[in-house]
Amino acid sequence: MRRVVVTGLGLVTPLGSGVETVWRRLIAGESGLRKIETFQVDDLPARIAGVIPRGDGSDGTFNADDWMEPKEQRKVDDFIVFAMAAADQALADSGWTPKTEDDRYAAGVLIGSGIGGLQGIEEASHTLRDKGPRRLSPFFIPGRLINLASGHVSIRHGLKGPNHAVVTACSTGAHAIGDAARLIALGDADVMVAGGTESPVCRLAVAGFAACKALSTCFNDEPTRGSRPYDKDRDGFVMGEGAGVVVLEEYEHARARGAKIYGEVIGYGLSGDAFHITAPSMDGDGAFRCMKAALKRAGIEPSAVDYVNAHGTSTPLGDEIELGAVTRLLGDAAGGVTMSSTKSAIGHLLGAAGAVEAIFSLLAIRDQVAPPTLNLENPSVETEIDLTPLKAKPMTIDVALSNSFGFGGTNASLVFRRLEA
Amino acid sequence: MSDIAERVKKIVVEHLGVDAEKVTENASFIDDLGADSLDTVELVMAFEEEFGVEIPDDAAETILTVGDATKFLEKNAAQA
């Protein structure tokens, strides 16, 4: 199989818009969690979220008009706008644009989303009920479909290769990058724009996840403390919005044009829990087999892993199950590994999480620093693994593993390696 | 310009995101103002909403320019 490297990154997250801004703030220990102010929350048990800072585009704020014309924004849900922004950033960062028709045929898009345009679905259902079918916009369907993120990106950039989308709940972003890397490895494309996007900060989604008892409800007055993976006071995840998109490239293709290379995608593993619709299997077996498969594909021993970007959503059950699976995987090497959950700073971006966290893993490799697990004041369990409490940790990182686990018992792990110059 | 023509123009400018001076009587939504077939469906819906009329599909198919819309609405609008 052909080798696949990452040559471009794009981020829109609760810590801002733009890779360098987000990363600088993440390493500095800043939080993107805030009180929800855009819709009624007083009757909801969870009232906080990771909210993208909107503004005029300066100082890392996100200005949707910079990425999509207002008349086009009107036709789509925010998850598509976020994906357009992150894809534009990633392609610009990669320095690659298709020059010939053959270039276009060999370049595809694979951007997923966990739940797509819930906000628009909520509004359209009201329109249908209150005003009837003749008032439903012709853009209702194309503005909500999950694969339309890939569709819009392909149209803007003229990418005519594989056009695909993943929908695997909170594993979406990782599956998208892994699957896209496979498409390159197998020769279906030379370049893939891949990642995840999500815009779940709306009343319907918050109410829905709250009904699953998945969300943090004890920190409504202290939003930055709400996401606290591995901490004994954790009580659920904090939802977040945003997108992460990478440019994946066949290794020789990237080398031939002298591209900057963030790292190589050396491993990708997938597994299913076959256990429960929302709860992870109690023994962590799905997570374990997923990571093991990724390491097998990478052809490395567990001891080669330096940094793990955990799924770590801050739910009472999930965090310790994942930690147990990682511990089992690493065996004697556990004491030498550093793991953190960046969801502590930005919340859980659902379908975007795996892609955003893959990007954080690549930046950890680039800058040789592990981002912190915020709010980890009193770990709920003892472990040999360094969970990177509160502060970023400068360290040698050659290999990073990024985990994502989703509702339905769907698991994905990605392994990235620093490329020697 | 009639009141109806003014309101039609305003809707077209808003929905298609085009400069007001391009929205002339003879301007075709698709050929001159960059609309696609879905845009024209939405435009007709916006006219229905603004003018409180129902525009049947066969009539909507004949509304190709700004002037077509104005003429139809001047004839059929519930309130001018």
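By class, how many nonpolar, polar and charged residues are in the lining of the largest pocket? There are 14 nonpolar, 8 polar and 15 charged ones, where Ala, Val, Leu, Ile, Met, Phe, Trp, Tyr, Cys and Pro count as nonpolar, Asp, Glu, Lys and Arg as charged, and the others, Gly among them, as polar.

This is a predicted model, in which local features need pLDDT of at least 70, side-chain atom pairs count only at pLDDT 80 or more, and totals for chains, interfaces and linings use all residues. Residues are numbered from 1 along each chain as its sequence is written, chains are lettered from A and ligands numbered from 1 in the order in which they are written, and side-chain values use heavy atoms, leaving out hydrogens and water.

**View 1. The largest pocket holds about 840 Å³ of space.** A pocket here is an open set of points on a 1 Å grid over the protein atoms alone, where a 1.4 Å probe fits, with protein on both sides within 12 Å along at least five of seven lines; lining residues have an atom within 4 Å of a point. Grid points are joined across faces, edges and corners, and the volume is the space filled by probe spheres set on them.

**View 2. Here's the centre of the largest pocket.** Of its 37 lining residues, A:Arg74, A:Asp77, A:Gln119, A:Gly120 and A:Glu123 are the closest to the centre. H5(A) brings the largest share of the lining, 6 residues; helices are DSSP runs (H or I, at least four residues), numbered from the N terminus.

**View 3. The second largest pocket holds about 550 Å³.** Among its 32 lining residues, A:Thr278, A:Ala279, A:Pro280, A:Thr315 and A:Phe407 lie nearest the centre. H11(A) gives the most to this lining, with 4 residues.

Terms used: Helix = DSSP H or I, 4+ residues; strand = E, 2+ residues; numbered from the N terminus.
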